[in-house]
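Here's a quick tour of a protein model, starting with its core and moving on to an annotated site. Have a look at the structure first.

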Amino acid sequence: MEKICVAVRVRPPAPELSPENGSSLWKVEDNRISLIKSLDTPISTASYAFDHVFDESSTNASVYELLTKDIIHAAVEGFNGTAFAYGQTSSGKTFTMTGSETDPGIIRRSVRDVFERIHMISDREFLIRVSYMEIYNEEINDLLAVENQRLQIHEHLERGVFVAGLKEEIVSDAEQILKLIDSGEVNRHFGETNMNVHSSRSHTIFRMVIESRGKENSSTDAIRVSVLNLVDLAGSERIAKTGAGGVRLTEGKYINKSLMILGNVINKLSDSAKLRAHIPYRDSKLTRILQPALGGNAKTCIICTIAPEEHHIEESKGTLQFASRAKRITNCAQVNEILTDAALLKRQKLEIEELRMKLQGSHAEVLEQEILKLSNQMLKYELECERLKTQLEEERRKQKEQEQCIKEQKLSIANLNDLVANSNFKRNHSEDFISVRKTPDGLCNVNDSSDVPGTPCFKSASHSFVVARSNYSLSEFSPMVDSLGDVADEDTWMKLNKGFVADLDKLQFTPAVKCQPTPLSMATTEYSLENHKEVEDLKSQIELLTNEKDSLQVKFSEQVLLNNKLMEQMSELKQETLHMKEIPKRLSESVANCRDIYKDVIVTMKSLIADQESPMAMLLFGTSEITTSLLLTLEEQFSIIMDGEKEGSVNNPLSDRWKTLRVSLKNTTTSLLSEAQAKDEYLKCHNKGQEKADLEEKLKSELSTIKERYNELEKELCLDKQHLETSRKSHERLEKEVQSLKKERESLNAQVSQTSQRLRVVSHDKENALKDLNVEVKTRKEMQEEIKQITFAFATRHKSFVSFHNEIKSKMRN
Ligand SMILES: Nc1ncnc2c1ncn2[C@@H]1O[C@H](COP(=O)(O)OP(=O)(O)OP(=O)(O)O)[C@@H](O)[C@H]1O
């Protein structure tokens, strides 16, 4: 990632507008530009720092050298590059990009530099294509072919964004391009405005596509393709200042709109990555074409031009702010390569080789680590299962407690039911009794013990109940208690309530009347609150359990993935083993081939020798037998290896055979030598000096050749043996690895299946617990409902009982 390079250039003041005292509003110091003073009104100081700041005296050469050169060179190397000039109208953009005869601008310098650079790179060949377009009133026109107007932008998966139908000229030197640019300039839209007699009314994009590839290995090397955009934007303008109307006004609107969109894109890109929601590249053709240069795959520089005159101060400030924001944009440029099939193949081969090396180097280590990781995971998994178990037990314990609570509640409800039933009975009975036992003065006969079930005698009853009841702030309770305070005595209430005085206190009497919970109702509320809390606890625990179950499932799937990976590795290893197994087979085949060829050679040689009894013939027969036997031994050894016999049973007989072969060869050569000597003597005897010498020489040379050949064969055999030994060892090692991996996989599979079983059990338990909980919650709700109903019924009955009581009282008074 690299930041966009941003520079500011101040154009020299127009001669007619030069300040009298010659001093400028803008002070340039190194890479900083500051607004220092105004002629009439003081202006607050503003100071900006950029990668480069060029003052009025700067030349296009220095701008090119410091700002653009690196991008041009990078483009030749295969990086996309973009340079564009931004600024208000008449600030010097065209001057910077196109330049003059005496001081060529960035475009001309770039073109020359590209070719200079190309000539310096001798090991690559280049193909350059150029195009030149303008965006005029939001329409793309081809400047190299006037007939190509209103071109459309298209997007391609490989080519990216491109202008369809744009003429691309293949060029071979800088002069050719410069001529093309000149011809394109003629077609460009310029116009006269108040601000600039030769004002660019369009954005122009000069584009060079640089393709290159290595001269050597051209079929296997990648092709580098880079795009270099050199952009001269039209200047932003204030309609009032330019005095535009008609065509100029329309142009101005399009220019301002597209520059505003460019500003938006820059703003969005300068936001931190988090804030960047959507970059509106598609809002204008300019931003769409420049998309790779703005936050994409390109090296980009922007030169912001400002006019030094005081009346341009606001525009200049705007330009500097634009530049400041652009400075925050980062691009990610990379060499663009197109790979031919051959190049791709070559690269992939290299990659495969690299991977193979890595695999060989650290295979065992990687496997060990993998296994360690797996066993760690299993351990973790088991621990979690353990923890889940304890949680489940805890949950069960709590469930039991809950059941106990429910039982207790049921019991109290049953008691309440009894109480209600009893009060009904008493009430009916009392009514009967009153109607029968009314005395003339309305008073009850306290001494009459035959009253059944007993006269409610308030006078004789102790007032402890009333006292007890009055301990509560009765005014806050149901009015029933108030009226009862004067009349109730403990005995009566004890009888009425069958000893459930305390239960009465638990009830809320009149639901309709403002009431506060009595101590018992408070207890009930507390109790249900407690239960509610417990239920909530249970719920959260279940939630926790569900989460854990989910995470376990995730881990399980991770393990399955790991397992699959291991399987893949195993199959790769198997392939490798098969490949290794093939080696001895192939070796044995080639040895057999050698043997056949050798046999043919010997047969031919034999047929060539006239004297079958000569030492040459003898030597040939002797060595041919030995060599055939040697080759046979080799073949045998390979087949033994192929059959997978053990080292001990293979090496000893073979080495014995080697010894025998060596001895027989030695014998043959000595016998041949002795024969030769005998022949020598014989020849001596027959005075065939010259002939003898020749034969001797010939024999000697042949013997030495055979000896050399024999030594070579021995060496080859030795090498083969070594090779075989190493391949056998690696084969064994691989097989061991495969075995251990198999075991590992089996144990993992077993563990995984165990764990999944455990998981199933846990989830089953959890589901059961959830069901129980739901049932319990439902029962509890029903019970609460029932209690409410009973409470209500009881209160109603109690009310009627009180009214009945009052009635009796008044009747008694009467
Ligand atoms: N650095 C400079 N040195 C000398 N002359 C300059 C410089 N910059 C600009 N000028 C002159 O200023 C005038 C306006 O410059 P130019 O046409 O390049 O502005 P511009 O920003 O391209 O304007 P527009 O957006 O209207 O096309 C031209 O006459 C040009 O020669």
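The largest nonpolar core has 80 residues, and those with the most contacts inside it are Val6, Ala7, Val8, Cys301, Ile302, Cys304 and Ala323. By nonpolar core we mean buried Ala, Val, Leu, Ile, Met, Phe, Trp, Tyr and Cys residues joined through C-beta atoms within 7 Å. A second, separate core has seven residues, including Ile626, Leu630, Leu634 and Phe638. In soluble globular proteins, nonpolar side chains tend to be buried together.

This is a predicted model, so local features need pLDDT of at least 70, side-chain atom pairs count only at pLDDT 80 or more, and totals for chains, interfaces and linings use all residues. Residues are numbered from 1 along each chain as its sequence is written.

Back to Val8: leaving out residues up to four places away in sequence, Val8 touches Ile33, Phe50, Val53, Cys304, Ile306, Leu320 and Ala323. Contact here means C-beta atoms, placed from the backbone, within 7 Å.

Now the annotated site. An unreviewed UniProt entry marks a "binding site" that covers Gly87, Gln88, Thr89, Ser90, Ser91, Gly92, Lys93 and Thr94; such annotations may be inferred rather than shown by experiment. Gly92 sits in the loop between strand 7 (81–87) and helix 2 (93–97), while Lys93 is in helix 2. Helices (H or I, at least four residues) and strands (E, at least two) are DSSP runs, numbered from the N terminus.

Note on methods. A residue is buried if 20 or more other C-beta atoms lie within 10 Å of its own, exposed if 12 or fewer, and partly exposed in between; C-beta atoms are placed from the backbone. Two residues are in contact if their C-beta atoms, placed from the backbone, lie within 7 Å.
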